[in-house]
Amino acid sequence: MNILVTEKSVQPRDGVNRGTPPRPLVRIVIVGHVDHGKSTLIGRLLHETGSLPAGKVESLKLSSDRRGMPFEWSFLLDALQTERDQGITLDTSQIRFRTAARDIVLIDAPGHAEFLRNMITGAAQADAALLLIDAVEGVRDQTRRHGYLLHLLGVRQVAVVVNKMDRVGFDQSRFHEIEAEIVNHLATFGLAPTAVIPISARHGDGVAKVTPPIGWHTGPTVLAVLDRFAPARPSTDFPLRMPVQAVYKFDDRRIIAGRVETGRIAVGDSITVMPRGRPARVQSIEAWPVPDESLVPREALAGQSVGITLDDEVFVERGELICAVEAPAKSARRLRARVFWLHDQPLAVGAPVTLRVGTAEARGTIALIDNAVDPGKLSVIESATIAQNHVGEIEIALTQPIAADLYALNTRTGRIVLERDGRIAGGGLVLATDNGSAQHMHDLPSLAARLSRELAPLSPRERIAQFRRRVEGRIVLTTSFGLEDQVLTHELFETTADVEIATLDTGRLFPETYRLWGETERRYGCRIRAMVPQTDRLEALVAEQGINGFYHSREARVSCCHVRKVEPLNRALAGAQGWITGLRADQSNNRSNIALVSVDAERNLLKLSPLADWTRDAVLAYAAAHDVPVNPLHAKGFASIGCAPCTRAIAPGEPERAGRWWWEQEDKKECGLHAAPDGALNQRGRG
Ligand code: SF4
């Protein structure tokens, strides 16, 4: 099938048009038995909407007359397919035209296998569907199969078109018979058609208007129903997803090229690169050539292919996914998907497959098969395999993590393709992901409880090593260069575990802390990643409250901590599956219930506190015994290391946390975010 594009009728896929208000764009798949008149309906729709070149129909009618053949609307598509001039652009499977209210992309589904292939590989995407039935033949197997597949593919807007009504004498009872059968069928999987429309595509009845032969029809015409379908949410409304196509070295820059699938990306944005979850900021959006500096783009939207550079030397490669830092894709080591199997060899448990999501590729093994269904018979098959052209749910264990979204959340990055022997063998929709840590992501609490029990008898070093083994994906140790953090850094390098270290450089740290930072990096030959506040937010904060504004009110402290600590911490942990902290249970009453492993529900990760059950004296003794470099502030009475203005030395007998936000209530000291409700600053001890 071909695509008809008249230049002025088309706007970007996401419906974004910067000049004039955007017209809605709706993608509609047309399905049904191969002989039920799709080409005729498409030809008629193009004619009724004035989408055809002037004189096209007349010339085809003349040509048919000359050959002694009756004119068929389906000739139109054949003719257009061969003509690549006259302002018409042809493609392979989609037809574009406009109604009074919107732009329409009509996606043809020429046959069962092609339809499946196109839908599952993303070659075609549909917001709605027209399901075509021949009034003479009625509901056929392929009709039922297509209806069921629309349901499986999540297409919820379906209009049924009963064609060839002229061949049954526009018989109302025949129409209602077919209507009842298809409505009942669709209802078995929860689909209620938007409309059931009697038409004769050949004669035009019911397509653009209700003609006298179908005067008994009280519902909409086909064109009216096209205008009723709700358009999809614009791609720009979704979080940023940009699959990396390639990385080019250019001058001294690494330019990351890809297509923005959803969302938007702008210079200065914080992003994270999944599945490894490496955070960075967008330094530039590249354009070639650039005749004028003012024309250099600052932003790119869904649908645009761009090259970007990042502010950090984050290693990025093809297949990774640039994501919005606040809403990254999942890092999946195992995923569950509803798949459509196209290969002639059935898919079985244990089968090796190659999985593709966007530009990413990973090898995997089928770990489980559930709910195999024959779409034609609509019966669940008791089978450990999925046969050709059947549907089923599978779990795939991957040899390496891959970035993916649930299909329900993002259709672009929630779609998989399966390959066998180098060719497409199936594909489907991501239903759930798992980080591979032996249980599903949504079962983190039980995993945390089990790990806590498992790690309890171990030393901190063994706890880190075991945590590393049990948690797939990125793990981050956050340090403020206090005693516990230094011991954990030492332990980490004794285990050589693959764990990142990050610190929140609030810009208000003690000079002693900055010096210890350098010393620690030299001692362990490592890089401790600095997470600094975002410049624009910091400037706005200082402009609003002054450089030391945090002293003045609770709100000011909340804002200061948010800009200098919370946002950078979120960035440091974006996409991580594990977080290691130096918390101990006896540091304060607030921490008395700290578990070895707990769940950070907000960030959907596991948090390990390897020293949770240690006392401060035990940690001090350990640091001394192992020559761990410690912060000289401890010797000056600082039990806890934080921002210089908000930290003081404690007197003998005071609890450890007494030196942090010392003007706050005892139970509110954990963070500036939890400042005293009255916001009052107790001046005692300041300075
Ligand atoms: Fe600001 Fe104090 Fe919080 Fe540091 S600890 S971010 S200086 S309020």
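**Close-up views of a predicted model**

View 1. Around the ligand stand Phe550, Cys560, Cys561, Arg564, Lys565, Cys643, Cys646 and Trp661. Although several cysteines surround the ligand, the structure as a whole holds 0 disulfides.

View 2. Rolling a probe the size of a water molecule over the atoms shows where empty space is left. A search of the whole structure for cavities of 30 Å³ or more finds 3 of them, and the largest cavity contains about 130 Å³ of space. The lining of this largest cavity is made up of 16 residues, of which Cys560, Cys561, Cys643, Cys646 and Trp661 are the closest to its centre. Divided by class, the lining comprises 8 nonpolar, 3 polar and 5 charged residues.

**View 3. The second largest cavity.** What is the volume of the second largest cavity? The second largest cavity has a volume of about 50 Å³, and its lining consists of Pro243, Gly319, Glu320, Leu321, Val357, Gly358, Thr359, Ala360, Ala403 and Thr413. By class, this lining divides into 5 nonpolar residues, 4 polar residues and 1 charged residue.

View 4. The peptide bond that runs from methionine 274 to proline 275 is cis, and its omega is near 15°. Proline 275 has its place in the loop between strand S10, which covers residues 270-274, and strand S11, which covers residues 278-286.

View 5. Phenylalanine 170 is not a glycine, yet its phi is positive, at about 55°. This phenylalanine 170 belongs to the loop between strand S5 (158-163) and helix H6 (172-187), and it counts as buried because its relative accessible area of 16% is under 20%. Aspartate 627, likewise a residue other than glycine, has a positive phi near 55°, and it lies in the segment after helix H14 (616-625). Is aspartate 627 buried or exposed? Aspartate 627 counts as exposed because its relative accessibility, 55%, is over 50%.

**View 6. Helix H1 and the glycine that follows.** Helix H1, which spans residues 38-48, is mostly covered, since 8 of its 11 residues are buried. Which residues of H1 are the buried ones? They are Lys38, Thr40, Leu41, Ile42, Gly43, Arg44, Leu45 and Leu46. After H1 comes glycine 50, which has a positive phi near 65°.

Terms used
Residues numbered from 1 in each chain as written. Predicted model: local features only at pLDDT ≥ 70, side-chain atom pairs only at ≥ 80, totals over all residues. Heavy atoms only, no water. Near = heavy atom within 4 Å. 1 Å grid on protein atoms, 1.4 Å probe; cavity = no way out; pocket = protein on both sides within 12 Å on 5 of 7 lines; lining within 4 Å. Points joined across faces, edges and corners; volume = space filled by probe spheres on them. Nonpolar A, V, L, I, M, F, W, Y, C, P; charged D, E, K, R; others polar. Disulfide = S-S within 2.5 Å. Helix = DSSP H or I, 4+ residues; strand = E, 2+ residues; numbered from the N terminus. Buried < 20%, exposed > 50% of the residue type's maximum accessible area, 1.4 Å probe, protein only.
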